[in-house]
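Subject: Structure handover and notes

Dear colleague,

I am handing over the structure below, and my notes on it follow. Please read them alongside the model and check whatever matters for your own set-up.

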Amino acid sequence: MADARIVEAKVIVTCPARNFVTLKVMTADGLYGIGDGTLNGRELAVAAYLRDHVVPCLIGRDSERIEDTWQYLYRGAYWRRGPVTMASISAVDVALWDLKAKRAQVPLYQLLGGRCRESVRVYAHANGHSVEDLIESVAKHIELGYKAIRVQAAVPGVADAYGVPHGTKTYEPADGDLPREETWSTPKYLHFMPKLMDVVRAKFGFEVALLHDSHHRLTPIEAAALGKSLEEYQLFWLEDLTPAENQDGFRMIRQHTTTPLAVGEVFNSVFDCQRLIAEQWIDYIRAAVTHAGGITHLRRIASFADLYGVRTGCHGATDLSPVCMGAALHFDLSIPNFGIQEHMPHAALTNEVFPHAYSYSGGTMVPGEAPGHGVDIDEALAAKFPYKRAYLPVCRLEDGTLHSW
Ligand code: GCO
Ligand code: MG
């Protein structure tokens, strides 16, 4: 008889090219499941929350009771929501889904209702220090088979545009032992963007889907102006135009432009997007498995969004571990209102520490057929890369005012 009681749960913090927080949950019958709890720049807060407050509550619980465990950790804490809490709950939730699917010996998507599609459409990141560099980067990604590409380029006269690497390194924003300070100008950006999109469309035509991320830097009226100025370039989406703490800010953007809107990579609960979705102010919800309470809560968000014709576009940056990517691909495959999945490939070293069943080909990904979510952690290798403090940058306007990064 299988004994699914939890006997141990380990928090593993490792830095193979960048920091990751992983929870490994073990059951009495010798199975284990793993979940991702990485919160970029604040990793150790999640590790402590898990180790000191969550793990003691897990020992002896029935690992098969996923929903009940979710409710226990969410309602039971009294203090609800917040990125640290929700990343911790997610780590547990994904580990339990992994365990349940392994015990049933099926790939996770089978427990989520089975496949709604054959594969998952993904988008890549192209960027450049100049328009020419960007064009080269887009061409390279088209060659790799991507049909959807996010474009970010340096803005003339602006010291640090979002999404462009410093020097020749691969883009990885959390690179400072203390937060690096970047400088930003919205007027210069708004002036430049239509020119940029004009060049990209002239060069590549309208077949490739183009996306762009404003990274929370605009006011609602600036965002509305940007959306309007880019309409003729028919973008797949404009992302994070304005900070979304005030969901009503999106009402104004929506009144002025038909450019599709995506938001939500920093959301951690359905309550962060309840009005955005119900008022149909957005087209894509970007919440991620790791930051929005795991598969259990992300399914709830997606089901709610489906009622209003809003599709998903899960965050998939490198600061979400391969465990998150694996879980996201099972989720993407199984929901009716899937839109697109972000794909920012991990470093080779990260992939070595997290061997996985998922794969990319021709602009799409599949999670693979391994039981569970199909992602593992090589603990011995992980132990060779201890945590290294790393911060995301902060952003200031040209007069020194602190702005959203
Ligand atoms: C995106 C993002 C990210 C974030 C990063 C912060 O992929 O759309 O905006 O790259 O900046 O995840 O930790
Ligand atoms: Mg983003």
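In these notes, buried means under 20% relative accessible area, exposed means over 50%, and partly exposed lies in between, all with a 1.4 Å probe and with protein chains only. This is a predicted model, in which local features need pLDDT of at least 70 and side-chain atom pairs count only at pLDDT 80 or more, while totals for chains, interfaces and linings use all residues. Residues are numbered from 1 along each chain as its sequence is written, chains are lettered from A and ligands numbered from 1 in the order in which they are written, and side-chain values use heavy atoms, with hydrogens and water left out.

**The metal site**

The magnesium ion (ligand 2) is coordinated by Asp213 (OD), Glu239 (OE) and Glu265 (OE), at 1.9 to 2.2 Å, where donors are N, O and S atoms within 2.8 Å of the metal (3.2 Å for Na, K and Ca), and since water is not among the atoms, sites may look incomplete. Along the chain these donors follow the spacing D-x25-E-x25-E. Aspartate 213 lies in strand β7 (residues 209-213) and glutamate 265 in the loop between β9 (261-263) and α9 (274-278), so the pair ties together parts that are 52 residues apart in sequence; helices (H or I, at least four residues) and strands (E, at least two) are DSSP runs, numbered from the N terminus. Both aspartate 213 and glutamate 265 are buried.

Histidine 216 is found in the loop between β7 and α7 (220-229), and its phi is near 65°, a positive value in a residue other than glycine. Histidine 216 is buried, with a relative accessible area of 14%.

**Pocket and cavities**

On a 1 Å grid over the protein atoms alone, a cavity is a set of points where a 1.4 Å probe fits but cannot get out, and a pocket is an open set with protein on both sides within 12 Å along at least five of seven lines; lining residues have an atom within 4 Å of a point. Grid points are joined across faces, edges and corners, and a volume is the space filled by probe spheres set on the points.

The largest pocket has a volume of about 1100 Å³, and of the 42 residues that line it, the closest to its centre are His216, Glu265, Val266, Leu392 and Trp405. Its lining divides into 18 nonpolar, 13 polar and eleven charged residues, where Ala, Val, Leu, Ile, Met, Phe, Trp, Tyr, Cys and Pro count as nonpolar, Asp, Glu, Lys and Arg as charged, and the others, Gly among them, as polar.

There are two cavities of 30 Å³ or more. The largest cavity has a volume of about 70 Å³, and its lining includes Trp184, His212, Asp213 and Arg217, with β5 (148-153) and β7 each supplying at least two residues. By class, that lining has six nonpolar, three polar and two charged residues. The second largest cavity, of about 40 Å³, is lined by seven nonpolar, one polar and no charged residues, and the largest share of its lining, three residues, comes from α10.

Buried residues in α1 include Val46, Leu50 and Val54, and what covers the buried residues of α1 includes β1 (6-14), β2 (20-27), α2 (66-74) and α3 (83-104). Glycine 60, whose phi is positive, near 90°, follows α1.

Tyrosine 78, in the loop between α2 and α3, has a positive phi of about 70° although it is not a glycine, and tyrosine 78 is exposed, with a relative accessible area of 61%.

Arginine 396 lies in strand β15 (residues 394-397) and is partly exposed, with a relative accessible area of 29%. The C-alpha atoms of arginine 396 and tryptophan 184 are separated by 6.1 Å, although the two are 212 residues apart along the chain. Leaving aside neighbours within four places in sequence, arginine 396 is in contact (heavy atoms within 4.5 Å) with residues including Glu181, Glu182 and Trp184.

Best regards
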